[in-house]
Amino acid sequence: MTDTSEHDTSGTLGEMGGIVDLGMPAPGGAFDDHNPPDAALIGDCVHCGFCLPTCPTYVLWGEEMDSPRGRIYLMKEGLEGEPMSDSMVSHWDACLGCMACVTACPSGVQYDTLIEQTRAQVERHHERSPKDRALRGLIFSLFPHPKRLRLLRGPLRALQATGLDRAMRRTGLLERLSPQLAAMESLAPRLGRPEPLPPYIHASGERRAVVGLLTGCVQGAFFPGVNSATARVLQAEGCDVVVPASQGCCGALSVHNGREEEAQGFARRLVDSFESSGVERVVVNAAGCGSTMKEYADLLADDPAYAARARAFAEKVRDVSEILDELGTVAPRHPLDMTIAYHDACHLAHAQGVRAQPRRLLEAIPGLSLKEIAEPELCCGSAGIYNIVNPEPARELGDRKAANIVATGAQVLVTANPGCLMQVTSAIQRSGHPMGMAHTIEVLDASIRGAPVSTFLPA
C-alpha cells in the first residue's frame with residue numbers, strides 16, 4: 001500500500017480522511033464520469049479500522065487491500081488518475097458485498113454505495129480473462145431467468161434421483177476441470193416437486209392487507225416450498241396475496257456485480273408487473289432481492305419515466321418478517337419443541353437492518369428455543385454468485401460458519417435467504433454433523449399448521 005503522505009492531498013483524501021469534492025475523475029484514471037465512486041463518500045472514511053474484524057476477506061487473509069478501507073483507498077487512487085489494473089480489480093472482486101462493514105462503521109461510510117458504483121465501472125472498463133467471461137456469461141444467462149432455471153429442474157432431479165451427482169462428486173473430475181462449476185453443482189439443493197401458486201389467494205378470515213409476493217428466481221425454481229409457505233402464512237394472517245404472472249428477476253445479482261443496464265431493465269419490468277396489481281405492500285422472502293428492491297429509487301434515479309414510479313414501488317417493499325411483525329399475529333401457533341440456530345442473512349441484517357423481527361416471530365412459537373451463533377457478523381460465503389466465482393474463500397467461510405452453527409447444539413439452522421441455505425447446507429454436510437435446514441417462514445408455517453418437528457430433522 002502506497003504511503004498517502006507522499007501524495008498531494010489538496011482536494012483529495014488527507015491523513016485523517018478530510019476531503020474536498022474531487023469533481024470529475026482525473027483523466028486517464030480508472031473511472032469515467034458516469035456515476036464514479038463518490039468522492040464525498042470516500043472522504044467519510046477515517047481509516048479507524050472498526051470494519052476490519054467484520055470483513056470476511058480481511059479476517060481470512062489479514063491483507064489491508066482486502067479490507068473495506070483498503071478498497072476505498074484504491075477507489076481514491078482511481079479517482080486521482082491511477083489506471084484500472086488487474087491487481088486493483090482483484091481486490092474489489094474479492095469483496096463479498098456483505099455490508100457488515102456498513103453496520104460496524106462509526107462514521108457512517110456508505111461502502112455499499114461505493115462498491116456498487118465501482119463494480120459498474122469495472123464492468124465497463126476492465127477486460128476479464130476468457131475463462132472468467134465465459135463463467136460469468138453462463139451465470140447471468142441462467143440465474144436471473146426463472147423460466148430457464150425451471151427447465152434445469154428436470155435434468156437436476158434426474159441426476160439426484162439416480163445418484164449420479166454424488167458419484168460425479170466422488171470422482172473429483174469436475175473439481176479438477178473447473179472448481180467454479182464443481183462449486184455450482186455441489187450447492188444445488190435436493191429438489192422436491194414444483195409448487196406453483198395461483199395468481200390470487202384470499203385471506204383466511206377478515207382481510208387485513210393486500211400484498212404482492214415476489215416469487216424470485218432461485219427461490220421459485222429451487223425452493224418452491226418457501227414460496228408456498230410464505231403464501232400460506234400471509235393468508236393465515238389475514239392477507240390477500242397477489243402473485244403477478246408477469247414478474248421476473250428483481251435484478252439483485254446484476255446490481256451486486258456491476259451489470260447496471262441489465263439490472264435497470266429487470267427493475268423496470270418488475271415495477272410494471274406490480275404497479276397495476278393494487279397491492280399495499282410487496283413482500284419478499286429472499287434477503288438479497290429485498291435489499292435491491294428497496295433501492296430501486298437510486299437504481300432508476302436517472303430515468304425520467306421510472307424515477308417516481310421506482311420510488312413509490314421501493315416504499316412498498318417489505319421482507320416477509322417485517323410485514324408479519326408490523327401486522328401482528330392473529331393465527332394460532334402450535335408448539336414446536338426443538339432448538340434452532342438463527343443465521344442472519346447479510347442482506348437482511350446489514351443491508352436492510354432487519355434483525356429483531358424474525359427473532360420475535362420465531363421466539364413467539366411455543367416450545368421453540370433459539371440459539372445465537374458466534375461471529376454472527378461474518379458472512380457464510382454465499383454472497384450472490386461469490387461462492388461460484390471465488391469457491392476457495394467461500395468454502396473457508398462456509399466451513400467457519402458451519403463450525404459455529406454446530407457448536408450451538410441446535411437441531412435446525414434457520415435463515416432467510418436461498419443462497420445462505422444452499423451455502424450452509426453444503427458446509428454442514430462437509431462438517432459431518434447433519435442437522436435440519438429451514439427458511440424462517442417454513443418454521444412459522446409449520447407452527448401454524450401444527451406440523452411435527454420431524455418435518456425439519458435430517459433423515
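**Stop 1: α3 against α6**

This is a predicted model. Select helix α3, residues 68-80, and helix α6, residues 111-125. Their axes come within 11 Å and cross at roughly 50°. An angle between 35 and 65 degrees falls in neither the parallel nor the perpendicular class, and α3 and α6 are therefore oblique to each other. The crossing of α3 past α6 is left-handed. Now show side chains. On the α3 side, the contact is made by Pro68, Arg71, Ile72 and Met75. On the α6 side, Tyr111, Leu114, Ile115 and Thr118 make it. By class, six of these contact residues are nonpolar, one is polar and one is charged.

**Stop 2: α3 against α4**

Which angle do the axes of α3 and α4 make? They cross at roughly 140° and come within 10 Å. That makes α3 oblique to α4; the cut-off for roughly antiparallel is over 145 degrees. The crossing of α3 and α4 is left-handed. Arg71, Leu74 and Met75 of α3 meet Met88, His91 and Trp92 of α4. The classes here are four nonpolar, one polar and one charged. Leave Arg71 and Met75 highlighted for a moment: both take part in the contact with α6, and both take part in the contact with α4.

**Stop 3: Aspartate 93**

What else does aspartate 93 touch, beyond residues up to four places away in sequence? Its contacts are Arg119, Arg128, Arg136, Tyr386 and Asn390.

**Stop 4: two positive phi values**

Next, check two backbone torsions. Select histidine 47, in the loop between α1 (39-43) and α2 (56-61). It is not a glycine, yet its phi is positive, about 60°. Then go to alanine 383, in the loop between β7 (369-371) and α22 (386-389). Alanine 383 is not a glycine either, and its phi is positive at about 50°. Is alanine 383 buried, exposed or partly exposed? Its relative accessible area is 24%, so it counts as partly exposed.

**Stop 5: α25 and its cover**

Select helix α25, residues 440-449. Eight of its 10 residues are buried, so the helix is largely enclosed by the rest of the structure. The buried ones are Thr440, Ile441, Val443, Leu444, Asp445, Ala446, Ser447 and Ile448. Which elements cover them? The cover includes the helices α13 (224-236), α19 (320-327) and α21 (356-363). It also includes the strands β6 (339-342), β8 (412-415) and β9 (436-439). Step past the end of the helix to glycine 450, which follows α25 and has a positive phi near 75°.

**Stop 6: α13 against α19**

Thr230, Val233 and Leu234 of α13 make the contact with Val320, Ile323 and Leu324 of α19. Five of these residues are nonpolar, one is polar and none is charged.

**Stop 7: Tyrosine 342**

Go to strand β6 and select tyrosine 342. At 1% relative accessibility, it counts as buried. Tyrosine 342 then touches Leu348, Pro358, Arg359, Leu362, Leu370, Lys371, Glu372, Ile373, Val414, Thr415, Ala416 and Thr440. Thr440 is also one of the buried residues of α25.

**Stop 8: Asparagine 404**

Finish in helix α23, residues 391-406, with asparagine 404. Its relative accessibility is 16%, so it counts as buried. Its side chain makes a polar contact of 3.0 Å with the side chain of glutamate 375. A polar atom of the asparagine 404 side chain also lies 3.4 Å from the backbone oxygen of alanine 374. Leaving out neighbours within four places in sequence, asparagine 404 is in contact with Ile373, Ala374 and Glu375. Ile373 was also among the contacts of tyrosine 342.

Methods. Residues are numbered from 1 along each chain as its sequence is written. This is a predicted model: local features need pLDDT of at least 70, side-chain atom pairs count only at pLDDT 80 or more; totals for chains, interfaces and linings use all residues. Side-chain values use heavy atoms; hydrogens and water are left out. Axes are lines fitted to C-alpha atoms, for helices over the stretch in contact, and angles run from 0 to 180 degrees between N-to-C directions. Helices (H or I, at least four residues) and strands (E, at least two) are DSSP runs, numbered from the N terminus. Angles under 35 degrees count as roughly parallel, over 145 as roughly antiparallel, 65 to 115 as roughly perpendicular and the rest as oblique. A crossing is left-handed if the near helix is turned anticlockwise from the far one by less than a right angle, and right-handed if clockwise. Contact means heavy atoms within 4.5 Å. Ala, Val, Leu, Ile, Met, Phe, Trp, Tyr, Cys and Pro count as nonpolar, Asp, Glu, Lys and Arg as charged, and the others, Gly among them, as polar. Buried means under 20% relative accessible area, exposed over 50%, partly exposed in between (1.4 Å probe, protein chains only). A polar contact is a pair of N or O atoms within 3.5 Å; within protein, one must be able to donate a hydrogen and the other to accept it, and residues adjacent in sequence count only if both atoms are side-chain atoms.
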